[in-house]
Amino acid sequence: MKRNPYRTQRIAFFFLLLATLLIVVPVGLIIVAIIQKGLPAITWEFLSDVPRRGMRSGGIFPAVVGTLYLVSGSILFALPIGVLAAIYLSEYAKQNMLTRIIKLAIVNLAGVPSVVYGLFGLALFVVFFKFGASILSGSLTLGIMILPIIITTSREALESVPYSFREVSLSLGASKWQTIRHIVLPNAIPGILTGTILGLGRAAGETAPILFTVAAFYLPRLPKSIFDQAMALPYHLYVISTQVPNVDEKIRYGTALVLLTMVLFMNLIAIIIRAKLRKRKKW
Amino acid sequence: MVKFDIQNLSIWFKEAQALKDVTMQVEAHEILSVIGPSNSGKTTFLRTLNRLNDLELSLRMQGFVYFEGKDIRTMDVELVRKKMGMVFALPLPLPLSIFDNVAYGVRMHGEHNKKKIIQAVQEALQQAYIWDEVKDRLSESAFKLSGGQQQRLCIARTLAVGPEVILFDEPCSGLDPISTAKVEETMLKLKEQYTIVLVTNNVKQAARVGDRTAFFLMGELIELEKTDKIFTSPAQARTNDYISGKFG
């Protein structure tokens, strides 16, 4: 029997479209379910008050603030180190054994389960450096966790800047560092931001790395310094869902909604900045 | 006066030999055309002169290149590239405005005085005969210019740095005949102040603008003569075959 190429194509398109739609469906369902069940809980009091009556009522303000601190802290630590490491690896490192080992280590770092980061943070920052369970320890642990994401995406962004731009810059007598600083880096920033977005979302949402390093079970006040413990949204959500009996469902979903909104909002800001920078890109 | 003195230059990429024992001189204020079929080592030769070949990790070099008597490998690489401006085969503006493209090199060499930068940009654009076409749109992206304009902008960008030699690497291979004529006209005028080495695939272009012409084949320098001589009575049969279009 002769095959009809147009029919084959239609069938292929159908499955490709189906696979794409199947990705959207769970995301949509999660968002709809959380909004539906969580929205009634969202009041000014819920957002601005401390948890009360064993976290069965009151608000989640300390957890919101804690998560903001942790995310900013981890980005503050991971972004500069990650970008500098990426510049070294893509622009300066020679293709030798050491470079290969470093690259392999970064790939493996990305595959380490997050609870292992938690234990590592406990051993290194909490115990060895004596930072205690604190925002500093938690931020550093989350920072190490998102480093591989930032390094990998930054490297890709740097390497996607056309080689010819570098040649032109060098041929005009600019030094290698000037070329990187004035030509390569400005054109790689949108890509680097993409990595930062991914890292941000991950740092905001992970529970395991903060479990032993910073998260307080119940701390109805704001942290006073970076050496203080703090509540954090993902851990708070875990606690009120599994550790505390008789928490109203809408409080749980309300907390999830706030966490989701925060992550999406942070992503949105980064996406807007990226779009603005892309528009400026002139090739 | 001899600008470049090239002695027994051989270059290998891994095992493949790209240049074989080339010995020649480039005189000051001449246009030296380098012709030959593709893969004959013309571009490799040109990129040796401003040490852009240093970027190739698999490259091995033997022999010497002296610039005004100094071995270029003992010179500061940034200085070598400042003195030897290069214009590439395709117009390659940087992703910046027209003004910033020309100002880029000036700034990178440490000039921060705004007035001096503006002056240098204007002079370079005038020298490259593109000032009248771009003077009202200096802040626009360089990518908005036509191909020929972009290439003359690249020439201006090279001139702004204050080179002594300009290396052209098939500068018209992506351009239409009218743009080509403009670039050639620019080259002829630049020769008064600069020394020009022009690598070209276009034999007729070599005949039009070159004072002397070097013919490369398979990495060897076959013949280097005054352009009139090489196009009327070349010493080598292979040169004659190439310029008359029997191969290439």
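**Strands, helices and a contact**

Mentor: Let us start with one pair: Leu32(B) stands opposite Arg212(B) in β9(B). This is a predicted model, where local features need pLDDT of at least 70, side-chain atom pairs count only at pLDDT 80 or more, and totals for chains, interfaces and linings use all residues. Residues are numbered from 1 along each chain as its sequence is written, while chains are lettered from A and ligands numbered from 1 in the order in which they are written.

Trainee: Which strands does β9(B) belong with, and in what order?

Mentor: In general, strands of a sheet pair through backbone hydrogen bonds, either parallel or antiparallel. Strands here are DSSP runs of E, at least two residues, and helices are runs of H or I, at least four, numbered from the N terminus; two strands pair if DSSP finds at least two bridges between them. In chain B, six strands form an open sheet of mixed pairing, ordered β6-β7-β8-β3-β9-β10. β6 (84-87) and β10 (220-226) of chain B are the edges, each with a single partner strand, so one side of each has no neighbour in the sheet. Within the sheet, β3 (residues 31-35) and β9 (residues 212-217) of chain B run parallel and are joined by four bridges.

Trainee: At what angle do helices α3 and α6 of chain B pack?

Mentor: Axes are lines fitted to C-alpha atoms, for helices over the stretch in contact, and angles run from 0 to 180 degrees between N-to-C directions. Helix α3 (residues 98-108) and helix α6 (residues 147-160) of chain B pack at about 30°, with their axes 7 Å apart. Angles under 35 degrees count as roughly parallel, so α3(B) and α6(B) are roughly parallel to each other. Among the residues making this contact are Ile98(B) and Tyr104(B) of α3(B), and Leu153(B) and Arg157(B) of α6(B).

Trainee: How many residues does each chain bring to the contact between chain A and chain B?

Mentor: Two residues are in contact if their C-beta atoms, placed from the backbone, lie within 7 Å. The contact takes 16 residues from chain A and 18 residues from chain B. On the chain A side, α7 (163-171) and α8 (176-205) each supply at least two residues, and α7(A) gives the most, with six residues.

Trainee: What is the secondary structure of chain A?

Mentor: Chain A comes to 11 helices and two strands. Its C-alpha atoms fill a box of roughly 70 × 65 × 35 Å, taken along the principal axes.

Terms used: Parallel < 35°, antiparallel > 145°, perpendicular 65-115°, else oblique.
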